[in-house]
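Let's take a walk through this fold, strand by strand. Have the sequence and the model side by side as you read.

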Amino acid sequence: MKYNQLEQNYPSTFSGLLDKFFNENVGTTLKQFSPAVDVSEEADKYQIQVAVPGLKKNDFHIDLIDGKLTISGERKMEDKKEGKNFHTIETQYGSFSRSFFLPDDVAQEKVSAVYEDGLLKLSLPKLEHATKKYKIEVK
(Lines give C-alpha, C1' and ligand atoms only; values in the text may rest on other atoms or scores of the structure.)
Protein backbone atom coordinates (compact mmCIF):
# COMPACT_ATOMS: atom_id res chain seq x y z
CA MET A 1 0.00 0.00 0.00
CA LYS A 2 1.40 3.37 -1.02
CA TYR A 3 1.44 6.09 1.65
CA ASN A 4 0.57 9.60 0.48
CA GLN A 5 1.36 12.20 3.13
CA LEU A 6 -0.42 14.94 1.16
CA GLU A 7 -3.73 13.06 1.40
CA GLN A 8 -3.26 12.79 5.17
CA ASN A 9 -2.94 16.56 5.56
CA TYR A 10 -5.46 17.81 2.97
CA PRO A 11 -8.98 16.53 2.32
CA SER A 12 -9.75 15.35 -1.20
CA THR A 13 -12.91 17.50 -1.63
CA PHE A 14 -13.51 21.22 -1.36
CA SER A 15 -16.23 20.76 1.27
CA GLY A 16 -13.84 18.58 3.25
CA LEU A 17 -11.25 21.34 3.02
CA LEU A 18 -13.77 23.89 4.34
CA ASP A 19 -14.74 21.56 7.18
CA LYS A 20 -11.09 21.05 8.09
CA PHE A 21 -10.46 24.79 7.96
CA PHE A 22 -13.39 25.73 10.15
CA ASN A 23 -12.95 22.91 12.63
CA GLU A 24 -9.24 23.57 13.16
CA ASN A 25 -8.81 27.32 12.60
CA VAL A 26 -11.97 29.00 13.82
CA GLY A 27 -11.81 27.24 17.16
CA THR A 28 -8.25 28.43 17.75
CA THR A 29 -8.81 32.04 16.60
CA LEU A 30 -11.60 32.53 19.12
CA LYS A 31 -9.42 31.79 22.15
CA GLN A 32 -6.35 34.00 22.33
CA PHE A 33 -4.02 35.92 20.05
CA SER A 34 -0.91 38.04 20.23
CA PRO A 35 -1.08 41.41 18.45
CA ALA A 36 1.92 42.81 16.60
CA VAL A 37 4.03 45.25 18.63
CA ASP A 38 6.62 47.83 17.55
CA VAL A 39 9.01 49.29 20.13
CA SER A 40 11.16 52.31 19.30
CA GLU A 41 13.46 54.68 21.15
CA GLU A 42 14.08 58.38 20.76
CA ALA A 43 16.42 60.63 22.72
CA ASP A 44 13.74 61.58 25.25
CA LYS A 45 11.32 58.63 25.22
CA TYR A 46 10.47 55.06 24.26
CA GLN A 47 7.36 54.31 22.24
CA ILE A 48 5.29 51.14 22.01
CA GLN A 49 2.72 50.65 19.24
CA VAL A 50 0.30 47.75 19.39
CA ALA A 51 -1.70 46.90 16.23
CA VAL A 52 -5.23 46.06 17.38
CA PRO A 53 -7.82 47.39 14.92
CA GLY A 54 -11.51 47.13 15.68
CA LEU A 55 -11.35 47.79 19.41
CA LYS A 56 -12.59 50.68 21.52
CA LYS A 57 -10.56 52.63 24.08
CA ASN A 58 -12.34 50.95 26.98
CA ASP A 59 -11.44 47.47 25.63
CA PHE A 60 -7.85 47.89 26.89
CA HIS A 61 -6.39 47.28 30.33
CA ILE A 62 -2.93 48.73 30.91
CA ASP A 63 -1.10 48.06 34.16
CA LEU A 64 2.35 49.16 35.26
CA ILE A 65 3.53 47.35 38.37
CA ASP A 66 7.15 47.38 39.57
CA GLY A 67 8.53 48.16 36.13
CA LYS A 68 6.42 45.55 34.31
CA LEU A 69 4.01 47.00 31.73
CA THR A 70 1.09 44.72 30.80
CA ILE A 71 -1.29 45.53 27.94
CA SER A 72 -4.35 43.30 27.70
CA GLY A 73 -7.81 43.27 26.20
CA GLU A 74 -10.25 41.31 24.12
CA ARG A 75 -11.51 41.48 20.54
CA LYS A 76 -15.00 40.00 20.30
CA MET A 77 -16.51 38.59 17.13
CA GLU A 78 -19.66 40.41 16.05
CA ASP A 79 -22.82 38.59 17.06
CA LYS A 80 -24.83 39.42 13.95
CA LYS A 81 -24.29 36.54 11.54
CA GLU A 82 -27.68 36.65 9.80
CA GLY A 83 -27.31 36.55 6.05
CA LYS A 84 -23.55 36.05 6.27
CA ASN A 85 -21.91 32.90 5.04
CA PHE A 86 -18.24 33.06 6.07
CA HIS A 87 -15.78 31.17 3.90
CA THR A 88 -12.62 32.51 5.54
CA ILE A 89 -11.98 34.24 8.85
CA GLU A 90 -8.43 35.52 9.19
CA THR A 91 -9.09 38.17 11.81
CA GLN A 92 -7.94 36.99 15.20
CA TYR A 93 -10.50 37.18 17.99
CA GLY A 94 -10.30 36.55 21.69
CA SER A 95 -8.24 37.86 24.54
CA PHE A 96 -4.66 39.07 24.36
CA SER A 97 -1.97 40.09 26.79
CA ARG A 98 1.53 41.44 26.17
CA SER A 99 4.01 42.28 28.93
CA PHE A 100 7.26 44.26 28.87
CA PHE A 101 9.88 44.96 31.52
CA LEU A 102 10.72 48.64 31.27
CA PRO A 103 14.24 50.06 31.39
CA ASP A 104 15.26 51.82 34.61
CA ASP A 105 15.33 55.21 32.88
CA VAL A 106 11.54 55.36 32.24
CA ALA A 107 9.57 58.00 34.16
CA GLN A 108 6.83 55.53 35.11
CA GLU A 109 4.44 58.17 36.48
CA LYS A 110 4.44 59.96 33.09
CA VAL A 111 3.58 57.01 30.83
CA SER A 112 0.62 57.82 28.56
CA ALA A 113 -1.52 55.91 26.04
CA VAL A 114 -3.56 56.97 22.99
CA TYR A 115 -5.68 54.76 20.72
CA GLU A 116 -6.25 55.94 17.16
CA ASP A 117 -6.53 54.39 13.70
CA GLY A 118 -6.26 50.84 15.07
CA LEU A 119 -2.99 51.51 16.91
CA LEU A 120 -2.55 51.70 20.66
CA LYS A 121 0.38 54.09 21.14
CA LEU A 122 2.15 54.27 24.47
CA SER A 123 4.68 56.99 25.18
CA LEU A 124 7.23 56.22 27.89
CA PRO A 125 9.23 59.37 28.70
CA LYS A 126 12.77 58.95 29.94
CA LEU A 127 13.87 60.35 33.27
CA GLU A 128 15.54 63.71 33.04
CA HIS A 129 19.15 63.39 34.04
CA ALA A 130 20.79 66.55 35.16
CA THR A 131 24.39 66.54 34.08
CA LYS A 132 26.55 67.15 37.08
CA LYS A 133 29.79 68.82 36.22
CA TYR A 134 32.59 69.34 38.71
CA LYS A 135 35.89 71.06 38.32
CA ILE A 136 38.63 69.15 40.08
CA GLU A 137 41.65 71.05 41.08
CA VAL A 138 45.02 69.35 40.77
CA LYS A 139 47.20 69.82 43.87
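Start at Gln49, which sits opposite Lys121 in strand 7. Strands here are DSSP runs (E, at least two residues), numbered from the N terminus. This is a predicted model, where local features need pLDDT of at least 70, side-chain atom pairs count only at pLDDT 80 or more, and totals for chains, interfaces and linings use all residues. Residues are numbered from 1 along each chain as its sequence is written, and side-chain values use heavy atoms, leaving out hydrogens and water.

Strand 2 (residues 45–51) and strand 7 (residues 119–125) run antiparallel, joined by seven bridges; two strands count as paired if DSSP finds at least two bridges between them. They belong to an open sheet of four strands, in the order 1-2-7-6, with antiparallel pairing. At its edges you'll find strand 1 (37–41) and strand 6 (112–116), each pairing on one side only.

Next, hop over to strand 4 (residues 68–75). Strand 3 (residues 60–65) runs antiparallel to strand 4, with six bridges joining them, and Leu64 has Leu69 as its bridge partner. In the hairpin of these two strands, which has two residues between them, Asp66 takes a positive phi near 50°. Strand 4 also pairs with strand 5 in the antiparallel sense, over eight bridges; there, Ile71 partners Arg98.

Finally, look at the loop between strand 5 (94–101) and strand 6, where Glu109 is found. Glu109 counts as exposed (over 50%) because its relative accessibility is 65%. Glu109 and Leu64 are 45 residues apart in sequence and 9.3 Å apart in space, C-alpha to C-alpha.

Key: Buried < 20%, exposed > 50% of the residue type's maximum accessible area, 1.4 Å probe, protein only.
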